[in-house]
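Please look over this model before reading my comments.

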Amino acid sequence: ETGGLATHLARLGGQYLLAILALFVIPGPIRSMADRLENGGRPLARYLLLGVLLAFATGAVAVASVLSAHTFPLVFLLVGALSLVGLVGIVALVYALGRGLLQWGGFSARRPLASLGLGMLLLYALVQVPFLGPLILLTAWSIGCGVVLGTRWGSGRPWTLAPLMEDRTA
């Protein structure tokens, strides 16, 4: 990729500021998602699969909506929603990654901005690797989307339609 040190610092700084904004807006859900991501292994593979399935389902709905003039704007809504889900998920992922690295190094993990910065720096560096960078970014995005979907935006509550059921006691 082209660009000097100033360009890379500006990109990293912008991403870090956006992640800080997300961390301050929804700290509880991000913490909950990061806790789930630190389990590693099977849950991580499950979140990766959920993210890939979400991408395919969104793509299928987008292709179907393009075929009609009435539903064509749905594509833009889907892209915006998927971008938001991916952003929140990647923030949770880099926060968990940074927190794990700080604990592994023997430092206090009670510093959320340092955890976020360290994880962001590591992911940014990995994404810059030629040929593997896009694959790493796609994997991180899929895991991020999967953890958002799998934890129901960090709430931990199960997916259910019970709130939509009508009460027939009367």
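Numbered notes on the model follow.

1. This is a predicted model, in which local features need pLDDT of at least 70, side-chain atom pairs count only at pLDDT 80 or more, and totals for chains, interfaces and linings use all residues. Residues are numbered from 1 along each chain as its sequence is written, and side-chain values use heavy atoms, with hydrogens and water left out.

2. The protein chain has 6 helices and 0 strands. Helices here are DSSP runs of H or I, at least four residues, and strands are runs of E, at least two, numbered from the N terminus. The C-alpha atoms fill a box of roughly 60 × 40 × 30 Å along the principal axes.

3. Of the 170 residues of the protein chain, 32% are buried (under 20% relative accessible area, 1.4 Å probe, protein chains only). Contacts mean heavy atoms within 4.5 Å. Among contacts with a separation of 6 or more, 68% join residues 24 or more positions apart.

4. Gly-106 follows α4, with a positive phi near 85°.

5. Helix α6 (residues 133–150) has 18 residues and should span 26 Å; the 25 Å between its end C-alpha atoms agrees. Its buried residues include Trp-141, Ile-143, Cys-145 and Val-147. Cover for the buried residues of α6 includes α2 (27–37), α3 (42–66), α4 and α5 (112–127). Arg-152 follows α6, with a positive phi near 55°.

Conventions:
Buried < 20%, exposed > 50% of the residue type's maximum accessible area, 1.4 Å probe, protein only. Expected span 1.5 Å × (residues − 1).
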